[in-house]
Amino acid sequence: MAKPIVLIAEELSPATVEALGPDFDIRNIDGTDRAVLLAELPEASAILIRSATNVDAEAIAVAKNLKVIARAGVGLDNVDIPAATNAGVMVVNAPTSNIISAAELTVGHILSLARHIPAAHASLAAGTWKRSKYTGVELYEKTVGIIGLGRIGALITARLQAFGVNVVAYDPYITSARAQQLGVTLLSLEELLAQSDFISIHMPKTPETTGMISTAQFSLMKPTAFIVNVARGGLIDEDALYAAVKSGRIAGAGLDVFVNEPPLGSPLLELDNVVLTPHLGASTDEAQEKAGVSVARSVRLALGGELVPDAVNVAGGVIDPLVRPGIPLMEKLGQVFAGLADSPVTSVDVEVRGEIAELDVSVLKLAALKGLFSNTVSESVSYVNAPLLAEQRGVTVRLLTESASEEYRNLLTISGALSDGSQISVSGTLTGTKQIEKIVEINGYDVELPIPQHLIVMVYTDRPGIVAVYGKEFGDASINIAGMQIARREAGGQALSVLTVDQPVPEGLLEKVRLAIDADLLREIDITQ
C-alpha cells in the first residue's frame, strides 16, 4: 500500500521529520506559493505548517484526503477551524512547546526593567558612562502580581520565587488550593494592581480581556510599578500605557506582543523606560524543535485514528491521566452497542459513574460515538467528525455523570433507543492494577468478561441442555470457544450467553445455531482492538 502523504509546507527542524518516522511519504513544499499548495493538497493526508501558510476554506475543500492540519506553534489565525471541522479534519497545534521560553522571556523583561539593562547598554554603546542614571531596584522582597495563573504563570511564579519575591495572582478560574500549592496569594484584580511592584499578564485574548489593562487600571498602580505583557497583543491598551508611562503614572513596561505587528510608528518606541522585543516568546531553538516534534507526534496519532490531546477542534481539551484509560474501553463499548443494534439508533446516553465522574470526561462521549459509527458508516470516522455524523443522522447524544458507583470503582455505560422502539445498553469497567478492560453488562444482564476481538451474543429461553446444543455446533465447525458467560434473571426465563471465540464465525453457522436454539437475538461482533 502507498504511504500516506504528509506535506511540510514551511521550514521545520530535522527532529520534526525524524519524529514523523518512516511510515509516511514526506513532501516539502512552499506553502506560501498558493498554486503549489492547492496542487499538492488533494493527495495529502496531513500538512504541517507554521504561521505563513494559509489553510483556509478553499484549501480544505480541495484536500479530499486530508485528516489533520498541524501548526508547529500556538497561534491558529492562519487555519479555518470551522471549515476543517465540517470536513472532519483535525487541527492540532503545540500549546506547551513555548511555555518555558515565554516564562523565561517574561523573567528577562522583569530583570531588564528592574535594572534598566537595555537603556544602560544603549547609553554605553553611545559612548557615555552614566552609572547614577541607571540605578535600579532589587527583586528581593518585592511583590510580583501574575494576572492569569495558568501553565506559563505557574512557571514564572516558580522562577521568581527563587529571587525571594512575594507572588500574588488574579485568576477567576484557579482554586485557592491550587494557589496554595504554588505558594501564591489570590487577590482581586484591583488588589493586585494596587499592591504589586511588577505585574505580568498571561490571559487568553477574548472580547472580555482585550484592553483589560487601561487607564482605570493604571490609576490603581504604584508610580514605581512596572508591567509586562508577553502573552497577547491588545491585553494592555497601548495608548493608555503610553500615557501612563509618559506622565510617570507608572515606572515603565515591557512588551513582546502588540496590537499591530510590527508596531511601526508606535509612540512606545520613543520611551527609554519601555522595553520592547519583536514577539520573541517562542523564538528559541528549543521551543521551535519542541513545536515541530510535538505536532509530528500528533500527526502520527491522528493518521493512526487515535485521539490527539492537542487537537483544538475536538471537545475534551487536556485529558486527565485517570480518564485516559477509559478512552479505548468506551470506543469498544460503542462497537458492541452498534453490533447489538438491528435498527437505526435514535438516541444515545453516555454514562460515566465513579471517581472519574468528578473530572472532565467529555472525551469519553467522543470515544463512544467513534466506536458506534466506526463499523456502521462508509465515511472515515474520527474524533472530529463523530459528533457531526450523529447530528447528520438525527441521533441525540447526552453525557451523564454520577460520582456514585455501587459495584465498580468506575463504570462506563452506553445506552440508547432504536427506531423500532427497543432499548439496548452495554457497560464496561477497568479492573486490577493492569486496568483490564471488561464488559460487565449487556441489555440489563450482568456479565464480566475481558473484551475479545470476536464476540458472540445470544439471547434465548433458558432450558436444560441448550449449552450443549450450541457448543456442539461450534465444535463441529472447528470454532474454539475461548470463554463463556451466561446470565439470567430467573429460571426458565430469558438468558443471555456471551461467547468469546478465536476466529470469525461464518454467517451460515450463525443462522444454524440461531435455529437450533430458537434464539431471540444472535449477534457476532468483531471489535477493533
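# Strands, sheets and a domain contact

Student: Where should I start? How covered is strand E19?
Tutor: Strand E19 (residues 454-461) is mostly covered, with 7 of its 8 residues buried. Buried means under 20% relative accessible area, exposed over 50%, and partly exposed in between (1.4 Å probe, protein chains only). Strands (E, at least two residues) and helices (H or I, at least four) are DSSP runs numbered from the N terminus.

Student: What kind of model is this?
Tutor: This is a predicted model: local features need pLDDT of at least 70, side-chain atom pairs count only at pLDDT 80 or more, and totals for chains, interfaces and linings use all residues. Residues are numbered from 1 along each chain as its sequence is written, and side-chain values use heavy atoms, leaving out hydrogens and water.

Student: Back to E19. Which strands pair with it, and in what sense?
Tutor: E19 pairs antiparallel with strand E22 (residues 521-526) over 6 bridges. It also runs antiparallel to strand E21 (residues 494-501), joined by 7 bridges. Two strands pair if DSSP finds at least two bridges between them.

Student: What stands opposite Met 458?
Tutor: In E22, Leu 522 stands opposite Met 458. In E21, the residue opposite Met 458 is Ser 497.

Student: Zoom out. How many helices and strands are there?
Tutor: The protein has 17 helices and 22 strands. Its C-alpha atoms fill a box of roughly 105 × 55 × 35 Å along the principal axes. Of the 529 residues, 50% are buried.

Student: What about domains?
Tutor: The domain assignment gives domain 1 (5-96 + 286-304), domain 2 (98-276), domain 3 (315-451) and domain 4 (452-528). Such bounds come from an automatic or database domain assignment.

Student: How many residues are in contact between domain 1 and domain 3?
Tutor: On the domain 1 side, 6 residues are in contact with 5 residues of domain 3. Contact means heavy atoms within 4.5 Å. The C-alpha centres of the two domains lie 30 Å apart.

Student: How much area do they bury?
Tutor: About 390 Å² between them, 74% of it on carbon and sulfur atoms. Buried area is the accessible area (1.4 Å probe) that two parts lose on being put together, summed over both. In domain 1, Thr 85, Gly 88 and Met 90 lose the most area to domain 3, together 75% of what that side buries.

Student: How many salt bridges cross that interface?
Tutor: The rule finds 0. It asks for a side-chain nitrogen of Lys or Arg within 4 Å of a carboxyl oxygen of Asp or Glu.

Student: Are the faces of E4 buried or exposed?
Tutor: Buried on both sides. Val 68 and Ala 70 lie on one face of E4 (residues 68-71), Ile 69 and Arg 71 on the other. E4 also pairs parallel with strand E3 (residues 44-49) over 4 bridges.

Student: Last one. What is the strand order in the open sheet of 7 strands?
Tutor: The order is E8-E7-E6-E9-E10-E11-E12, with parallel pairing. E8 (185-186) and E12 (274-276) stand at the edges with a single partner strand each, so one side of each is left without a neighbour in the sheet.
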